[in-house]
Amino acid sequence: MTTNLDTLATALYVRVDDALKASPELAPWRPPVGIAPTLSDAELVTLAVMSALLGYTSERRWLRRAGRDFRHLFPYLPQQSGYNKRLRAACSLVTHMIRMLAQDTSLWSDDVWVVDSTPVGCGCSRETAKRSDLAGWAQYGYCASHSRYFWGLRLHLVCTPGGLPVLFALTGAKADERETLRDMLDTAPEVEASHPGQTIIGDKNYYGSEFERDLAGRHLQLLRPARKGEPERAGARLFKPLRQVIESINQTFKGQLDLERHGGKSPAGVIARVLSRVLALTALEAAT
């Protein structure tokens, strides 16, 4: 396990470092005059991905573990506050690397996508909901898959059946899944343009004649189960096995990457931690 993790970390570091050398503008902004950071941006991103893969939800605990067991990979480690600030500042770089690694895989050309959302809990008490810095973005919502209410956000994912994240968004718990899918497509027109005739498979929440006409105008075909009162729709036999695929992807995020135990207390902190987990999943897909 240690050898495999070292190999993955080294490959990821080289990929990020090469990307930064080819496109220096990807690096987080820092003053032109000042002390150069001892921990490079490529090392920072690699450190965050390893934390997600090893299931650490506490940055302090992770940095202690990294200092004890991974000094051969990271000769210098910052304090927790410095690590936290730099990781939040590197969100654009992490987002870029998610796309770059995804395009490196054979799964990127898959002609079928699955779309779904999963809860990202941010607190369990009434006081947290009232006083948290996330109040206003985080909301009360309901998860039908697990028949439970939660306070927090939703991670919306467009993935290949193999589990490769293609598009993603983090919204309030009550955000309309159809509008979020449209926003994801509008934000990444190059992805839509490079996948003409793509089939998107979603659940019953992705309904509506106007919504389906919009997707058809984008040269995307939507398959979903029939809602109550509707006749059976095309592709019905695919939905049950694909539902298991979607749940498997969500379980990877929650069970192995501890998505709901992210530990973020502010919008920037939650975004940084969720992006680290999406990059970790993408790096694993790229390595297989």
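R99 counts as partly exposed, at 24% relative accessibility; buried means under 20% relative accessible area, exposed over 50%, and partly exposed in between (1.4 Å probe, protein chains only). This is a predicted model, in which local features need pLDDT of at least 70 and side-chain atom pairs count only at pLDDT 80 or more, while totals for chains, interfaces and linings use all residues. Residues are numbered from 1 along each chain as its sequence is written, and side-chain values use heavy atoms, with hydrogens and water left out.

The side chain of R99 meets that of E190 in a salt bridge, 2.8 Å from N to O. R99 belongs to helix α5 (residues 91-103) and E190 to helix α8 (residues 189-193), so this pair ties together parts that are 91 residues apart in sequence. E190 is likewise partly exposed, with a relative accessibility of 44%. A salt bridge here is a side-chain nitrogen of Lys or Arg within 4 Å of a carboxyl oxygen of Asp or Glu. Helices (H or I, at least four residues) and strands (E, at least two) are DSSP runs, numbered from the N terminus.

## Other salt bridges

The whole structure holds 18 salt bridges. In one of them, R65 and D69 pair through their side chains at 2.5 Å, N to O. Both residues lie in helix α3, and because they are 4 residues apart, about one helical turn separates them. R65 is partly exposed at 21% relative accessible area, and D69 is partly exposed at 35%.

E179 and R182 form a further salt bridge, with their closest N and O atoms 2.6 Å apart. The two residues are 3 places apart in helix α7 (residues 177-187), about one turn of the helix. E179 is partly exposed, with a relative accessible area of 36%, whereas R182 is buried at 10%. Both belong to a network of salt bridges that also links D186, E192, E210, D214 and R218.

## Nonpolar cores

The largest nonpolar core contains 65 residues, and those with the most contacts inside it are V16, L47, W62, Y83, F253 and L279. A second, separate core of 20 residues includes M184, V191, F211 and L220. Such a core is a set of buried Ala, Val, Leu, Ile, Met, Phe, Trp, Tyr and Cys residues joined through side-chain atoms within 4.5 Å.

Leaving aside residues up to four places away in sequence, Y83 touches L44, L47, A48, E59, W62, L63 and P78. Contact means heavy atoms within 4.5 Å.

## Packing around helix α4

Helix α4 (residues 80-89) packs against helix α11 (residues 267-287) at an angle of about 75 degrees, with the axes 9 Å apart. This arrangement makes α4 roughly perpendicular to α11, a term covering angles of 65 to 115 degrees. Axes are lines fitted to C-alpha atoms, for helices over the stretch in contact, and angles run from 0 to 180 degrees between N-to-C directions. From α4, the residues N84, L87 and R88 meet A268, G269, A272, R273 and S276 of α11. The residues of this contact comprise 3 nonpolar, 3 polar and 2 charged.

Helix α3 (residues 59-69) also meets α4, their axes coming within 10 Å and crossing at roughly 105 degrees. The two helices are therefore roughly perpendicular to each other. E59, R60, W62 and L63 of α3 make this contact with Q80, Y83, N84 and L87 of α4. These residues divide into 4 nonpolar, 2 polar and 2 charged; Ala, Val, Leu, Ile, Met, Phe, Trp, Tyr, Cys and Pro count as nonpolar, Asp, Glu, Lys and Arg as charged, and the others, Gly among them, as polar.

Key: Angles under 35 degrees count as roughly parallel, over 145 as roughly antiparallel, 65 to 115 as roughly perpendicular and the rest as oblique.
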